[in-house]
Amino acid sequence: MAENREKTRGRPGRKPAENAAASSVQVLDRSLKLLELVAEADGAVLTDLADRSAMAPSTVHRLLTSLAQHGMVAHDDETGAWTIGVKAFEIGTAYLRFRKLGTVSRPFLKELMEASGETANIAIEEDGDVVFISQAESHAPMRAFFRPGRRGPIHASGIGKAILSTWADSQIEALLGGRSLQHFTDKTRDTLPVLLADMAEIRSRGWSIDDEEHTLGMRCVAAPIFDEYGEAIAGISISGPAVRLPDERVAALGPVVRAAAEELTKAMGGRLNRT
């Protein structure tokens, strides 16, 4: 009898780890469904959410409580209604902002590419990396290419350094002080003192230079893009072979890239911040 009972426990043929993974996915699916229902209702009480989701009220309450701990939903003690939380609002706002950035930036990227003959890029900062979201590719046979969604190290990127230059040194130290800065080439700013010295030069110029710091033979000129609070949310750049971007051409293109960043900031409803 004991042997028969043992065989009926759990799902035959599935390991405990597989059962746990399936359970975690189910919890995530249910939580996202509830979040969607809360957003659609613009505020809903527990019983309504249970009816609409076909879940037990106790399950709904447990999932909503977990979502609330992450700021995804909020509960009104007086009305009993559940509404979208601040964190969900921030995520939605970020999506709209970067979706808008990708759309609004297209003519600026095209104009910058045509003016320089080099690939023009837009990237954002995320968790200490840069993430490329759009580009206008050069027509030259030898050119830079960054696939949308590609991540890059912030300390060895023209756009990354342009964004960092708008931060206080203490903020840069807080982000990068506890991590090893990866060495890519002999020109990589892979120690904090060297990187901070570079930041001072970028601030005085108004644009950054990636001088073969990530890839030998490739240079980049970049400038930051600001949001309505005067905070750098992205950067715009041109990238190309070092043979086509000697020092004198970089010096000439720097103000062009900076002007494009300023115009794009204005088009986004942003506020310039050069302090």
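Modeller: Angles here run from 0 to 180 degrees between N-to-C directions, with axes fitted as lines to C-alpha atoms. The model is predicted.

Colleague: At what angle does helix α6 run to β8?

Modeller: Helix α6 covers residues 106–116 and β8 covers 232–241. The helix lies across β3, β4 and β8. Its angle to β8 is about 30°.

Colleague: Which are the edge strands of the sheet?

Modeller: The open sheet has six strands, paired in the antiparallel sense, in the order β5-β4-β3-β8-β7-β6. From one strand to the next, the twist averages 35°. An edge strand pairs on one side only, and this holds for β5 (151–153) and β6 (208–211).

Colleague: Which residue of β4 is the bridge partner of Ala120?

Modeller: Strand β3 spans residues 119–126 and strand β4 spans 129–136. The two pair over seven bridges, in the antiparallel sense. Within β4, the partner of Ala120 is Ala136.

Colleague: Are α6 and α10 roughly parallel or roughly antiparallel to each other?

Modeller: Helix α10 takes in residues 247–267, and its axis is 11 Å from that of α6. The packing angle is about 165°. Angles over 145 degrees count as roughly antiparallel. The two helices are therefore roughly antiparallel.

Colleague: How many nonpolar residues are in the contact of α6 with α10?

Modeller: The crossing of these helices, α6 and α10, is right-handed. From α6 the contact uses Phe108, Leu112 and Ser116, while the α10 side includes Arg249, Leu253 and Glu263. By class, the contact has two charged residues, one polar, and a nonpolar count of eight.

Colleague: What separates the C-alpha atoms of Gly80 and Gly43?

Modeller: Gly80 is in the loop between β1 (73–75) and β2 (82–84). Setting aside neighbours within four places in sequence, Gly80 is in contact with Ala44, Val45, Leu46 and His75. Gly43 is 37 residues from Gly80 along the chain, and their C-alpha atoms are separated by 9.1 Å.

Colleague: How many contacts does the stretch of residues 1–11 have in the model, beyond near neighbours in sequence?

Modeller: For the protein, the mean pLDDT is 86, and 88% of the residues reach 70 or more. Residues 1–11 have pLDDT below 50. Beyond near neighbours in sequence, the number of contacts for residues 1–11 is zero.

Methods: Residues are numbered from 1 along each chain as its sequence is written. This is a predicted model: local features need pLDDT of at least 70, side-chain atom pairs count only at pLDDT 80 or more; totals for chains, interfaces and linings use all residues. Side-chain values use heavy atoms; hydrogens and water are left out. Two strands pair if DSSP finds at least two bridges between them. Helices (H or I, at least four residues) and strands (E, at least two) are DSSP runs, numbered from the N terminus. Contact means heavy atoms within 4.5 Å. pLDDT is the predictor's confidence in each residue, from 0 to 100. Angles under 35 degrees count as roughly parallel, over 145 as roughly antiparallel, 65 to 115 as roughly perpendicular and the rest as oblique. A crossing is left-handed if the near helix is turned anticlockwise from the far one by less than a right angle, and right-handed if clockwise. Ala, Val, Leu, Ile, Met, Phe, Trp, Tyr, Cys and Pro count as nonpolar, Asp, Glu, Lys and Arg as charged, and the others, Gly among them, as polar.
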